[in-house]
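Try each task before reading its solution.

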Amino acid sequence: MPNKYDMKEELDNSGLLELMERNGSPEMWESKGEFTPPSWMKGLTQDDINAMYQLGALSKNGLLAEIKKIFDQAYNIGLQEAKEITKGKNLEIFSNLTRRK
């Protein structure tokens, strides 16, 4: 599996590049014929694209394991946040915020 996902190379290899050039899709191609990514990719970094490619290469069970890991991380962050809020309430840190209003 390659480290970097090169969309233009992938399209070249699949023959879709030639088809898209002939059809002249305005969303994917500038007037010069140079490749421009779709609008949903504009904010993504190369690391984001690599991560998507790696997730796409996972099996169904591998993808489910990654999702479970993310849910577990979110749950643990929620627990830590609840502990911090409780500490803040016990130390009366938030009492000054309610008096200002």
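Helices here are DSSP runs of H or I with at least four residues, and strands are runs of E with at least two, numbered from the N terminus. Please keep in mind that this is a predicted model.

**Exercise 1. Work out the order of elements along the protein chain.**

Solution. Start by counting: the protein chain has five helices and zero strands. Then read from the N terminus, and the order is α-α-α-α-α.

**Exercise 2. Find which element has the highest mean pLDDT and which the lowest.**

Solution. Begin with the chain as a whole: its mean pLDDT is 77, and 60% of its residues reach 70 or more. Next, go element by element. Helix 4, residues 60-90, has the highest mean, 94. Helix 1, residues 7-14, has the lowest, 58. A word of care goes with this: where pLDDT is low, predicted coordinates should not be read in detail.

**Exercise 3. Compare the span of helix 4 with the span expected at 1.5 Å a residue.**

Solution. Take the length first: helix 4 has 31 residues. The expected span is 1.5 Å times one less than the number of residues, which comes to 45 Å for helix 4. From first C-alpha to last, helix 4 reaches 45 Å, close to that expectation.

**Exercise 4. Identify the residues of the nonpolar surface patch and the element that gives the most to it.**

Solution. The patch is made by L55, L58, L63, L64, I67 and F71, and its area is about 530 Å². Helix 4 gives the most, with four residues. One of the patch residues to check is F71, which is found in helix 4. Is F71 buried or exposed? Its relative accessible area is 60%, and the cut-off for exposed is over 50%, so F71 counts as exposed.

**Exercise 5. Describe the backbone and the surroundings of E92.**

Solution. Locate E92 first: it sits in the loop between helix 4 and helix 5 (95-100). Now look at its phi, which is near 60°, a positive value in a residue other than glycine. Finally, check its accessibility: E92 counts as exposed because its relative accessibility is 57%.

Terms used:
Residues are numbered from 1 along each chain as its sequence is written. This is a predicted model: local features need pLDDT of at least 70, side-chain atom pairs count only at pLDDT 80 or more; totals for chains, interfaces and linings use all residues. Side-chain values use heavy atoms; hydrogens and water are left out. pLDDT is the predictor's confidence in each residue, from 0 to 100. Patches are made of residues with over 30% relative accessible area and no salt bridge: like charges are joined within 9 Å, nonpolar side chains (Val, Leu, Ile, Met, Phe, Trp, Tyr) within 5 Å. Accessible areas come from the Shrake-Rupley method with a 1.4 Å probe; for residues, only the protein chains shown count as cover. A salt bridge is a side-chain nitrogen of Lys or Arg within 4 Å of a carboxyl oxygen of Asp or Glu. Buried means under 20% relative accessible area, exposed over 50%, partly exposed in between (1.4 Å probe, protein chains only).
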